[in-house]
Amino acid sequence: MGYPLNGWKNKGGTSDRNAPGGSWKQYWQKNTNGQKWPEYCCVEGCYEKATDGAHMYCPSVDRREWIIPTCHFHNMQKGSELTLKNSTPSPLISANVR
Ligand SMILES: [Zn+2]
């Protein structure tokens with residue numbers, strides 16, 4: 001996907017930022033041309049259901065934000081570095097709504 005799997009951070013504080021036309025999950029699905037939303041959280045070692053679209057970025061590369069399917073816990077977890085599964089859907093969907 002053009003990014004390393006490790007060193008991701010949750011942007012945090014974006015829960016007040018509304019997804020265009022529904023949820024961030026719906027936004028993701030609309031922008032992936034029918035790609036399947038993963039059943040489980042994309043954070044390595046986590047086997048909770050992917051219920052949320054987290055705003056994440058990889059600071060070692062750039063500050064661009066992407067929608068990553070995660071469980072609610074990881075969507076709320078701010079600051080700590082997270083590693084993504086190599087099954088994370090690619091290409092990534094940008095969180096910058098145009
Ligand atoms: Zn998780």
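**A loop residue as the starting point**

Select Gln 77, which lies in the loop between α2 (72-76) and β4. The model is predicted.

**The whole chain**

Zoom out to the protein chain, which contains two helices and five strands. Read from the N terminus, the elements follow the order β-α-β-β-α-β-β. The radius of gyration is 12 Å, close to the 13 Å that the globule rule gives for 98 residues, so the chain is as compact as a globular protein of that length. The C-alpha trace spans about 30 × 25 × 25 Å along its principal axes. Of the 98 residues, 27% are buried. Among contacts between residues at least 6 apart in sequence, 66% join residues at least 24 apart.

**The sheet**

Display the strands as a cartoon. They form an open sheet of five strands in the order β4-β1-β2-β3-β5, with antiparallel pairing. At its edges are β4 (81-82) and β5 (93-94), each of which pairs on one side only.

Select β1 (residues 8-10) together with β2: the two strands pair in the antiparallel sense over two bridges. Within this pair, Asn 10 stands opposite Met 56 in β2.

Move on to β2 (residues 52-57) and β3 (residues 66-70), which run antiparallel and are joined by five bridges.

- Asp 52 has Thr 70 in β3 as its bridge partner.
- Gly 53 stands opposite Pro 69 in β3.
- Met 56 stands opposite Trp 66 in β3.

**Two enclosed strands**

Colour the residues by burial and return to β2. Five of its six residues are buried, so β2 is largely enclosed by the rest of the structure. For β3 the count is five of five, so this strand is also largely enclosed by the rest of the structure.

Now show the side chains of β3. In a regular strand, side chains alternate between the two faces of the sheet. Which residues of β3 point one way, and which the other? Trp 66, Ile 68 and Thr 70 point one way, Ile 67 and Pro 69 point the other way, and all are buried.

**The nonpolar core**

Finally, select Cys 42, Trp 66, Ile 67, Ile 68 and Leu 84, the residues with the most contacts inside the largest nonpolar core, which has 18 residues. The elements that give two or more residues to this core are α1 (24-31), β2 and β3. Of these, β3 gives the most, with three residues.

End the tour at Ile 67. Leaving aside residues up to four places away in sequence, Ile 67 touches Trp 24, Tyr 27, Trp 28, Gly 53, His 55, Ile 93 and Ala 95.

How values were computed: Residues are numbered from 1 along each chain as its sequence is written. This is a predicted model: local features need pLDDT of at least 70, side-chain atom pairs count only at pLDDT 80 or more; totals for chains, interfaces and linings use all residues. Two strands pair if DSSP finds at least two bridges between them. Helices (H or I, at least four residues) and strands (E, at least two) are DSSP runs, numbered from the N terminus. The radius of gyration is taken over C-alpha atoms; the globule rule is 2.2 Å times the number of residues to the power 0.38. A residue is buried if 20 or more other C-beta atoms lie within 10 Å of its own, exposed if 12 or fewer, and partly exposed in between; C-beta atoms are placed from the backbone. Two residues are in contact if their C-beta atoms, placed from the backbone, lie within 7 Å. A nonpolar core is a set of buried Ala, Val, Leu, Ile, Met, Phe, Trp, Tyr and Cys residues joined through C-beta atoms within 7 Å.
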